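Please view the sequence and the model together.

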Amino acid sequence: MMKQNIVELINNAKKTDFGTTIDLHIHSCFSDGKLTPEELCEDAQKKGLKYFAIADHNTVDAYKKTDLLSKENIIPAIEFDCWYKGVLVHILGYGIDVNNEKLLQYCAKTKKETEADIVRLFNNRSPKNVIEAIHNAGGIAVLAHPACYWCINLEHFVKGMVKDGLDGIEVYYPYKRHRSIIKFHLASTVEKTAKNLNLLATGGSDSHNKIELF
């Protein structure tokens with residue numbers, strides 16, 4: 001799906017579409033998920049998803065090693081680990097060319113860099129470089145699960161990344177499991193931040209097994 005079509009999809013989606021018919025944050029076995037891309041496609045069909053994105057950590061192998069790109073309701077995606085102002089943040093890239101050389105430069109070189117938390121901590125990616133690579137690959141850059149980042153003022157924190165080209169923010173996110181424990185901001189604060197900074201508002205389950213509608 002092309003960048004313009006993805007932006008239109010997000011802008012035209014209702015709040016209730018995310019987590020019911022649209023899920024833009026799913027992980028497969030190519031990073032730290034349990035299911036294969038094929039199994040996730042079957043699960044997505046059973047659960048009535050119209051559009052979804054497999055966004056594995058630091059890799060696009062789910063797209064390069066399967067026929068996912070042949071499916072019309074799939075949005076090619078990735079989730080990069082980055083460091084910003086001493087905080088580990090995740091940047092999602094949507095609508096990317098999975099063969100783009102600049103993007104691949106920032107992808108994992110080993111499987112552990114896609115699944116092991118302790119290994120993923122030791123990265124030298126910056127949001128600025130990752131956002132530039134996502135744009136170079138024809139995609140849009142979105143900040144994942146923003147309520148989890150420790151900062152006094154979320155809008156001020158995000159504004160710095162907007163200056164680096166950030167396109168959107170993950171507004172609709174369930175914050176389950178460990179993310180509910182390290183949640184520092186309210187969902188309403190995230191939504192307000194998106195509006196004040198004129199960012200695309202996306203959403204996804206962050207499922208690592210079967211898709212969890214919310």
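Is Arg120 buried or exposed? Arg120 is buried, at a relative accessible area of 7%, where buried means under 20%, exposed over 50% and partly exposed in between, using a 1.4 Å probe and protein chains only.

The model is predicted: local features need pLDDT of at least 70, side-chain atom pairs count only at pLDDT 80 or more, and totals for chains, interfaces and linings use all residues. Residues are numbered from 1 along each chain as its sequence is written, and side-chain values use heavy atoms, with hydrogens and water left out.

Nine salt bridges are present in the structure; a salt bridge is a side-chain nitrogen of Lys or Arg within 4 Å of a carboxyl oxygen of Asp or Glu. Three of them are listed here.

| Salt bridge | Closest N and O atoms |
|---|---|
| Arg120 and Asp32 | 3.9 Å |
| Glu115 and Lys111 | 2.9 Å |

Glu212 is partly exposed at 23% relative accessibility, and Lys176 is partly exposed at 35%. Shared partners join the salt bridges of Asp32, Asp81, Asp117 and Arg120 into one network.

Helix H1 spans residues 3-12, and its buried residues are Ile6, Leu9 and Ile10; helices are DSSP runs of H or I with at least four residues, numbered from the N terminus. These buried residues line one face of H1, because they fall within an arc of 95 degrees seen down its axis, the arc being that of the directions from the helix axis to the C-beta atoms. Gln4, Asn11 and Asn12 are exposed on the other side of H1.

Definitions and conventions:
Helices (H or I, at least four residues) and strands (E, at least two) are DSSP runs, numbered from the N terminus.
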